[in-house]
Amino acid sequence: MERTIPNPPWTAAAPHTPTGVNSSPETGPGERLSAADDRALVQACIAGRREAFDVIVERYQRQVYRLCFRFVPRHEDASELAQDVFVRAYRGLGGFKGDAALATWLYRIAVNVCLSRAALKTPPHESLDGGRSREHADRRIENADAQLLRGERAAAVRAAIGRLPDKQRATLILRVYHELPHVQIAGILGTSVGATKANFFHALAKLKTWLQAER
Amino acid sequence: MRHLTGAEFAEWLEGELPAARAAHLDTCAACRDEAASIRAVLTDASMVEWAEPSPLFWDHFGARVSKTIADEPPPATAPGWTAWLRTPAATWAAAAALAVLLMVAALWRATLVAPARPPDNPVAAAPGSVPLIDPLAGMEDLEEDAAWAVVRSAVDDLAWDDARAAGVTARPGSADLAIMELSNEERAELARLLEAELKRSGV
């Protein structure tokens, strides 16, 4: 059967490890932090090496920012939220037990930060550059009408996503735009895999209802 | 066959629904329509693009975070559950709990009724009268009792208020209830003993 969503690029069980690096649990003074795995970076942070956290930020800032932006589609708010996520992560590093991937842990903090912001309840989407979408290398040139309709449709979908209940919205964003598997989403949101799948379905069902009403 | 659940629709979208359940779509128009409609919505949602910030943003973002945490102390390892046991409050709580336990055990032991020993020199009782009971009968060996020694040492410093606070004292009205359970002869003997004690103390 044709898959609608491509396979997620990485799994919950695989911590990020740059290629060609021995994943030793501790980093010596001479070992480059940028090549260390997540667990070694966390231990280095706890040991007082702040530059290790800089590596963590550089490694995960895009994912965290994009998640925040999908909750608050305003650059300034998303930037502020993403910064808050990393500050909270730094403070809580001592409690990171390593039973989940660092990325999962960061996603969990990010979702909690985003959902706790009351402003998220009322989107309207404002893109960074007046509605121009992210460019693809192989994108065809569309006529103006098609672009306008496409843009309006996208805006309607984004607005509808913003109206979803918290867990349904988080589930849909993590699944569709971050391509995380349901088992990892369940770990992030603290729910069961079955509940995650049900939330995903209900989110889509609500979007269907609202988008049909707008047509 | 029952309709697909929400979780099963999600599995169908990702090609993970078992064939036995997926076969339901062949026979149920309602589920088939639902599946088609949510697939269309998912396609619409998947095609939504989200603007990206300028590439310069990433360089500045990392520097901002680094500056924000510059004054933060290094993250400390979270203490395990056993750390609580080493706090002064936990030590005092454990000592207080042990003291209360000893008090309860001591008072319970003290309220146990010792089996009555036959008197060595039984007093000849008048016909129909209640035989006198020596309240100290059986107490000669008490001082040799090791358990009693523990109880005595535990309650030596026990204050009445502490015992009452621990709930091991007689409740109000318990003496009245005990008297009501006496027979007429026992009540008459109790009255005689009280009268004799009152006269002795000059009341």
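# Two chains and their interface

Modeller: In this predicted model, six salt bridges are counted between chain A and chain B.

Biologist: Which residue of chain A forms a salt bridge with D44(B)?

Modeller: A salt bridge needs a side-chain nitrogen of Lys or Arg within 4 Å of a carboxyl oxygen of Asp or Glu. For D44(B), the closest N and O atoms of the pair are 2.7 Å apart. The partner in chain A is R153(A).

Biologist: How many residue pairs are in polar contact between chain A and chain B?

Modeller: This count takes pairs in which both residues have pLDDT of 80 or more. Between chain A and chain B the count is 15.

Biologist: Which element of chain A gives the largest share of the side that touches chain B?

Modeller: Several elements give two or more residues to that side: helix 1 (38–46), helix 2, helix 3, helix 5 (144–163), helix 6 and helix 8 (193–214) of chain A. The largest share is ten residues. The element that gives this share is helix 2 of chain A.

Biologist: How much area do chain A and chain B bury between them?

Modeller: The size of an interface is often given as the accessible area lost when the parts come together. Here 57 residues of chain A are in contact with 44 residues of chain B. Carbon and sulfur atoms carry 62% of the buried area. The area buried between chain A and chain B is about 4,800 Å².

Biologist: Which residues of chain B have side chains in polar contact with the side chain of Q83(A)?

Modeller: Q83(A) lies in helix 3 (residues 75–91) of chain A. Leaving aside neighbours within four places in sequence, Q83(A) is in contact with F61(B), R64(B), V65(B) and T68(B). Two of these contacts are polar and join side chains, each at 2.9 Å.

Biologist: Is Q83(A) buried or exposed?

Modeller: The relative accessible area of Q83(A) is 18%. Buried means under 20%, so Q83(A) counts as buried.

Biologist: How far apart in space are V55(A) and L41(A), C-alpha to C-alpha?

Modeller: V55(A) is placed in helix 2 (residues 50–71) of chain A, and is buried with a relative accessible area of 14%. Not counting residues up to four places away in sequence, V55(A) touches L33(A), S34(A) and L41(A). V55(A) and L41(A) are 14 residues apart in sequence, and their C-alpha distance is 7.8 Å.

Biologist: How many disulfides are found over all chains?

Modeller: A disulfide needs two cysteine sulfur atoms within 2.5 Å. A search of the whole structure over all chains finds zero.

Biologist: What is the nearest cysteine sulfur to that of C31(B)?

Modeller: C31(B) is in no disulfide, and counts as buried at 4% relative accessibility. The nearest cysteine sulfur is 3.7 Å away. That sulfur belongs to C28(B).

Biologist: What is the phi of E179(A)?

Modeller: Most residues other than glycine have a negative phi. E179(A) is found in the loop between helix 6 (166–177) and helix 7 (182–189) of chain A, and is partly exposed at 26% relative accessible area. Its phi is positive, near 55°.

Methods
Residues are numbered from 1 along each chain as its sequence is written. Chains are lettered from A and ligands numbered from 1 in the order in which they are written. This is a predicted model: local features need pLDDT of at least 70, side-chain atom pairs count only at pLDDT 80 or more; totals for chains, interfaces and linings use all residues. Side-chain values use heavy atoms; hydrogens and water are left out. Helices (H or I, at least four residues) and strands (E, at least two) are DSSP runs, numbered from the N terminus. Buried means under 20% relative accessible area, exposed over 50%, partly exposed in between (1.4 Å probe, protein chains only). A polar contact is a pair of N or O atoms within 3.5 Å; within protein, one must be able to donate a hydrogen and the other to accept it, and residues adjacent in sequence count only if both atoms are side-chain atoms. Contact means heavy atoms within 4.5 Å. Buried area is the accessible area (1.4 Å probe) that two parts lose on being put together, summed over both.
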